[in-house]
Amino acid sequence: MIESPSERLVGDRLKVGYKDTSLVLDDVTVSVPEGSFTVILGPNACGKSTILRTLGRLLKPRAGVVTLDGQDIARMKTRELAKSLALLPQSPSVPEGISVQNLVARGRFPHQSLMSQWSPEDEGAITEAMRVTAVDHLAHRPVDTLSGGQRQRVWISLVLAQETGLLLLDEPTTYLDVTHQVEILKLLERLRASGRTVVAVLHELNQAARFATDMVTMKDGKVVAVGTPEEIITEENMRAIYGLESRVIEDPDTGKPVVLPR
Amino acid sequence: MSAPAVHRRSESAGTSREPRYLSLRLGRLSRRIALSHLVTAAILGVVGVVILFTALSLGDTILPLDRVLGAFMPEASRLDHKVVVEWRAPRALAALVFGACLGVSGALFQSLTSNALGSPDIIGLNTGAYSGVLLVITFGGTGYLAYAAGAVAGGLVTAAIIYLLAYSRGLQGFRLIIVGIAVSAMLSSANTWFIVKADLDLALRAAVWGAGTLNGLRWEPLLWAGGVALVVALLLPWLNRRVGGLELGDDTATMLGVRVESSKLALVVIGVIMTALVTAVTGPISFIALAAPQIAQRIRPNGGSLDLLGSALMGMILLAGADLVAQHLIPAASVPVGAVTVCIGGLYLVWLLIREGRRA
């Protein structure tokens, strides 16, 4: 078992499949280092959402374990786990007419009880989450009237209000225009810089290369390569993972690799 | 920092005013309540009380308010006591209590299915409860408790059947509604078949009961039903918290630490009990559960999701109001309240279907 103190979340030899179909993940081992911005990459249907959902205990593996700080998450109380790990699914539903603040407040569920539903801690966490994601000025607007980018920030605000050290996000930038994509990634980068561990499934290679500290690439339900963006984003890997002929150059400003498809 | 401030004002202008909240903190107890919800609830409560007193005072002899109040005193005349306390009060209170039960049941199921059409009367739980009572009548059961047992059992069995038929990788609201409508249609034809085939005496009893009426209601069944409803209602704050997570989708709810399947099961059981309690006493009353939560949601200034208190109060007003109409609109005849709610509710359902059709 690969585990060192710096690895917070580890999926060890996971086999995952839906119902009686063949395995979507076959013997996959991944680990998320503490304080990293880990991006999971790969072509469509390679199992990247599946691995994220398994790490976030939305899917139960047929074999293998997911451990959080060395503890098997299948044995943790669901509420205790919800205080350490938050996952933003791809398309959560928005109750009709709910205001931004009321939605964000629902992120406090694991911290609340029948008695205590608006403690000073709740209020502080909600205010802070809305400030960080810059949705505080929208607090009383109905979520269904917001733009896609604003809405995504509201959802991130909800998982922040949950006050977990670990954030898992399933394609947080899909369906957004490029300005908002970058805005969301910069927000995630700030969250990482302030001490959280971020894991995200992303599609856009160059954005991933720019913001990730660690990368996990997948193909056909298996992990192909793990490493820093510089190690992963190479012409060979692009060919091996995506079947893409490309040139990889260095971003003149950030020094990060940039993929130019050929 | 002045520029963002201007920006803020323009962005929030016009769409919604900033709601005011009361923060309640007492030791470990803490709550936040929107002032507008309190005001709405208070207004609905007052309307309910007005309807209650109207119902107590109207009838063959119209009693002024002081005689209505006086009838509850020990020195009241025997006639006043009989008319107000024994005849009118149980019916008027039942309309309020049962309306509240139906409103809550509707809110729970609409929340479960995240669809305005997903109320117990549409998905066939009423019909199932009716079938349960018909079975009880067939086997010679009489009295409220036998009916109530039949109704709750019928409702739960129906819910279980719908659940099993609609279940596929978790519970999906829309599937559940479609399956529910189908099951409801089958059960109601079975119910009709029973009434046609059963011997006249039984059929008559079943048909009278099946109209959905509060006519001739006395204290005993009201106290039974009200008592059970009250006990079940104590679970609602516990359930309400989980529903707040469920409304965000199963994945998000799980992620927040809500135990999704067991919360849904609790929701179904409580919803069925709420609707079956009423059905057992009055027979099936449609559309209150369908309409009350939706109206409650729309009259609230700041929208938002499930509102159990508002739905209960609105259900109260709708059923009690409908029963006033049923009793007094046509002076010579006493129409079953179920007929009135079907008439009003039918119109509402047509509007709702058109609206949902446009949205989809």
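Two strands pair if DSSP finds at least two bridges between them, and strands here are DSSP runs of E with at least two residues, just as helices are runs of H or I with at least four, all numbered from the N terminus. With that in hand, T217(A) stands opposite A225(A) in β10(A). This is a predicted model, in which local features need pLDDT of at least 70 and side-chain atom pairs count only at pLDDT 80 or more, while totals for chains, interfaces and linings use all residues. Residues are numbered from 1 along each chain as its sequence is written, with chains lettered from A and ligands numbered from 1 in the order in which they are written.

**The open sheet in chain A**

- Four strands make an open, antiparallel sheet in chain A, in the order β2-β1-β4-β5.
- β2 (25–33) and β5 (71–72) of chain A sit at the edges with a single partner strand each, so one side of each has no neighbour in the sheet.
- Helix α1 (48–55) of chain A packs on this sheet and touches β1, β2 and β4 (63–68) of chain A; contact means that C-beta atoms, placed from the backbone, lie within 7 Å.
- The direction of α1(A) makes about 120° with that of β1(A), using lines fitted to C-alpha atoms (for helices, over the stretch in contact) and angles from 0 to 180 degrees between N-to-C directions.
- β1 (7–16) of chain A pairs with β2(A) in the antiparallel sense over six bridges, and V10(A) faces S31(A) across that pair.
- R13(A), in strand β1 of chain A, has a positive phi of about 45° despite not being a glycine.

**Around β9 of chain A**

- β9 (214–219) of chain A pairs in the parallel sense with β3 (37–41) of chain A over four bridges, and there T38(A) stands opposite D214(A).
- With β10 (222–227) of chain A, β9(A) pairs in the antiparallel sense over five bridges.
- β9(A) and β10(A) form a hairpin with two residues between them, and D220(A) in the turn has a positive phi of about 50°.

**Nonpolar cores**

- A nonpolar core is a set of buried Ala, Val, Leu, Ile, Met, Phe, Trp, Tyr and Cys residues joined through C-beta atoms within 7 Å; buried means 20 or more other C-beta atoms within 10 Å of a residue's own, exposed means 12 or fewer, and partly exposed is in between.
- The largest core has 83 residues, and V39(A), V104(A), L168(A) and A208(A) touch the most other members.
- Helix α5 (148–161) of chain A gives the most to this core, with seven residues.
- Apart from that core lies another, of 80 residues, including V84(B) and L313(B).

**Helices of chain B**

- The 23 residues of α6 (144–166) of chain B should span 33 Å at 1.5 Å a residue, and the end C-alpha atoms are 32 Å apart, which agrees; the expected span is 1.5 Å times one less than the number of residues.
- Among the buried residues of α6(B) are Y147(B), G150(B), V152(B) and I162(B).
- The cover over the buried residues of α6(B) includes α5 (125–138), α7 (173–197), α9 (219–233) and α12 (260–282) of chain B.

**Where the chains meet**

- 33 residues of chain A are in contact with 34 residues of chain B.
- On the chain A side, α2(A) gives the most, with four residues.
- By class, that side has 16 nonpolar, 14 polar and three charged residues, counting Ala, Val, Leu, Ile, Met, Phe, Trp, Tyr, Cys and Pro as nonpolar, Asp, Glu, Lys and Arg as charged, and the others, Gly among them, as polar.

Key
Two residues are in contact if their C-beta atoms, placed from the backbone, lie within 7 Å.
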